[in-house]
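Dear colleague,

Here is the structure I promised to hand over, with the sequence alongside. My notes on what was found in it follow below.

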Amino acid sequence: MKEQILVFNHTDKQTLGAVRCIPGLRAAENGDHIWLRGIVVSEKIDIRIRQLPALHTYFLDERNRLFPAGGVTPTGTLPSLSWQPLTTFISVELPVSVLPGKFQRPHIAQLVASGQEKPGAALLVSLATWKAYAETAPEIRLQQVRFAVSEKEEVFIIGDLLPSIPGKEYWRHNTLLVPSGYDFDPPLITDIIEKKLNPQKGNLLVFHSSDEWELIPLSCFVPATRSAIRLTQVSHETK
């Protein structure tokens with residue numbers, strides 16, 4: 001058994017947006033349910049996948065038999081479904097216009113290169129770069145920012161005075177972060193995207209130039225004190 005299969009209510013479709021950027025995941029609709037596959041059991045399962053509101057969890061063997069979690073007897077076989085990459089299955093799109101007949105279909109939002117320069121509000125750097133900077137940076141500079149560390153050893157830094165270290169810079173519109181040098185087409189779609197994907201505004205909605213996006217809970221960001229950075233590093237390295 002090498003693959004885990006999750007089944008969701010169709011009403012929970014938008015929650016899959018939290019794992020949309022994880023490589024290898026595929027999804028398919030099956031009546032009132034959504035099936036998710038591509039979760040390799042032999043590797044550490046991403047915490048964002050473990051937090052999904054799955055109705056059923058199965059393990060798939062080489063004969064496409066489905067075993068419930070903890071069970072040794074198969075309860076069925078994997079149905080033949082039209083699987084799609086999750087980045088396609090969960091796309092960013094405008095809702096249909098409330099004005100009847102104005103649009104024939106939803107407009108797909110996309111990032112395009114932009115010549116308009118906007119001030120940076122977030123920086124994505126490696127954990128090693130962040131560690132080296134924090135060892136010598138003045139405490140007053142650290143106090144200007146907050147940070148969050150991912151399992152991929154990447155650090156998102158947010159604040160008004162970002163450190164001058166190598167990384168990818170993002171500009172901010174409310175809770176949306178967009179790579180510097182890019183903007184949405186059309187630009188005014190940002191408010192609609194935020195309302196659709198982050199209505200409670202409890203997350204940062206991060207878009208990447210690869211057209212992938214992810215939600216980062218604001219609660220994950222902590223003040224950037226030297227001791228906090230050192231403690232985070234120790235906790236991360238001992239996983």
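Which residues are exposed on the other side of α3? Please keep in mind throughout that this is a predicted model. The residues in question are A128 and T136, which are exposed on the other side of α3. The buried residues of this helix, which covers residues 127-136, are L127, W130, Y133 and A134. Seen down the axis of α3, these buried residues fall within an arc of 130 degrees, so they line one face of the helix. As background, an α-helix has 3.6 residues a turn, so residues three or four places apart point the same way.

For the chain as a whole, there are six helices and 17 strands, and 39% of the 239 residues count as buried. Among the contacts in the chain with a separation of 6 or more, 63% are accounted for by residues 24 or more positions apart. The accessible surface of the chain comes to about 13600 Å², and 53% of that surface belongs to carbon and sulfur atoms.

Turning to the strands, there is an open sheet of seven strands in the order β6-β5-β4-β1-β3-β2-β7, with antiparallel pairing. At its edges stand β6 (76-77) and β7 (84-85), each with a single partner strand, so one side of each is left without a neighbour in the sheet. Within this sheet, β1 (residues 3-9) and β4 (residues 56-60) pair in the antiparallel sense over five bridges, and L6 stands opposite T57 in β4. Strand β2 (residues 26-30) likewise pairs with β3 in the antiparallel sense over five bridges, with A28 placed opposite W35 in β3. These two strands, β2 and β3, form a hairpin with two residues between them, and in its turn G31 has a positive phi of about 65 degrees. Strand β2 is also joined to β7 by two bridges, the two strands running antiparallel, and the bridge partner of A27 in β7 is Q84.

A second hairpin is made by β15 and β16, with five residues between the strands, and D211 in its turn has a positive phi of about 75 degrees. The pairing of β15 with β16 is antiparallel and extends over five bridges, with N203 standing opposite P217 in β16. Strand β16 is mostly covered, in that four of its five residues are buried.

Is D183 buried or exposed? Its relative accessibility is 6%, and because the cut-off for buried is under 20%, D183 counts as buried. The side chain of D183 makes a polar contact with the side chain of K118, at 3.3 Å. Leaving aside neighbours within four places in sequence, D183 is in contact with Q110, L111, V112, S114, K118, W171 and V178.

Finally, the nonpolar cores. The largest nonpolar core has 28 residues, of which L16, L36, L86 and F207 touch the most other members. The elements that give two or more residues to this core are β1, β3 (33-40), α2 (86-89), β13, α5, β15 and β16, and the largest share, three residues, comes from β3. With neighbours within four places in sequence left aside, L16 is in contact with F8, I34, L36, L52, L86, F89 and I90. Apart from this core lies another, of 16 residues, among them L123, A137, V155 and I229.

With best regards

Terms used
Residues are numbered from 1 along each chain as its sequence is written. This is a predicted model: local features need pLDDT of at least 70, side-chain atom pairs count only at pLDDT 80 or more; totals for chains, interfaces and linings use all residues. Side-chain values use heavy atoms; hydrogens and water are left out. Buried means under 20% relative accessible area, exposed over 50%, partly exposed in between (1.4 Å probe, protein chains only). Two strands pair if DSSP finds at least two bridges between them. A polar contact is a pair of N or O atoms within 3.5 Å; within protein, one must be able to donate a hydrogen and the other to accept it, and residues adjacent in sequence count only if both atoms are side-chain atoms. Contact means heavy atoms within 4.5 Å. Accessible areas come from the Shrake-Rupley method with a 1.4 Å probe; for residues, only the protein chains shown count as cover. The arc is that of the directions from the helix axis to the C-beta atoms. A nonpolar core is a set of buried Ala, Val, Leu, Ile, Met, Phe, Trp, Tyr and Cys residues joined through side-chain atoms within 4.5 Å.
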